[in-house]
Amino acid sequence: MEEQVVQTNKAAKRAFVGIVTSDKMDKTIVVSVTTKKLHRLYKKYVTRVKKCKAHDELNDAHVGDKVRIVECRPISREKCWRLAEIIERAK
């Protein structure tokens, strides 16, 4: 997971890089964001996956694409992220 902070004139917005796992909904994609966290006791890295629903206005992203999503105002009950850019297309 690459968490970045995008600076604007209002407030800092979080940004994540992840892989699109679903594009079946209209104007919505599901992005899996993977993080590695060090376990406190065992000192081994644990992989955690978080699924975020992101707004894709043009239905441009497809399954397998590597994308950057940024935080935005709530668009629906579960959607508070939007697609910023497609970093790499699926092969």
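A residue counts as buried when its relative accessible area is under 20%, as exposed when that area is over 50%, and as partly exposed in between. The legends below use these words for a predicted model.

View 1. Strand β2, which covers residues 13-22, runs antiparallel to strand β3, residues 28-38, and three bridges join the two.

View 2. V33 has K50 as its bridge partner in β4. The hairpin formed by β3 and β4 has six residues between its strands, and K43 in the turn has a positive phi of about 55 degrees.

**View 3. The surroundings of H55.** H55 lies in strand β4 and has a relative accessible area of 17%, so H55 is buried. A polar atom of the H55 side chain lies 3.4 Å from the backbone oxygen of K27. When neighbours within four places in sequence are left aside, the residues in contact with H55 are K27, I75, K79, W81, R82 and L83.

**View 4. The salt bridge between K27 and E57.** Among the eight salt bridges that the structure holds is one in which the side chains of K27 and E57 meet, at 3.2 Å from N to O. This pair links distant parts of the chain, since K27 belongs to the loop between β2 and β3 and E57 to the loop between β4 and β5 (66-71), 30 residues apart. E57, with a relative accessible area of 45%, is partly exposed.

View 5. R89 forms a salt bridge with D60, and the closest N and O atoms are 3.3 Å apart. The two residues link distant parts of the chain, with R89 in the segment after β6 (79-88) and D60 in the loop between β4 and β5, 29 residues away. The side chain of R89 also meets that of D65 in a salt bridge, at 3.4 Å from N to O. Because D65 lies in the loop between β4 and β5 and R89 in the segment after β6, this pair ties together parts that are 24 residues apart in sequence. R89 is partly exposed at 42% relative accessibility, and D60 is partly exposed with a relative accessible area of 34%, whereas D65 is buried at 2%.

Notes:
Residues are numbered from 1 along each chain as its sequence is written. This is a predicted model: local features need pLDDT of at least 70, side-chain atom pairs count only at pLDDT 80 or more; totals for chains, interfaces and linings use all residues. Side-chain values use heavy atoms; hydrogens and water are left out. Two strands pair if DSSP finds at least two bridges between them. Helices (H or I, at least four residues) and strands (E, at least two) are DSSP runs, numbered from the N terminus. Buried means under 20% relative accessible area, exposed over 50%, partly exposed in between (1.4 Å probe, protein chains only). A polar contact is a pair of N or O atoms within 3.5 Å; within protein, one must be able to donate a hydrogen and the other to accept it, and residues adjacent in sequence count only if both atoms are side-chain atoms. Contact means heavy atoms within 4.5 Å. A salt bridge is a side-chain nitrogen of Lys or Arg within 4 Å of a carboxyl oxygen of Asp or Glu.
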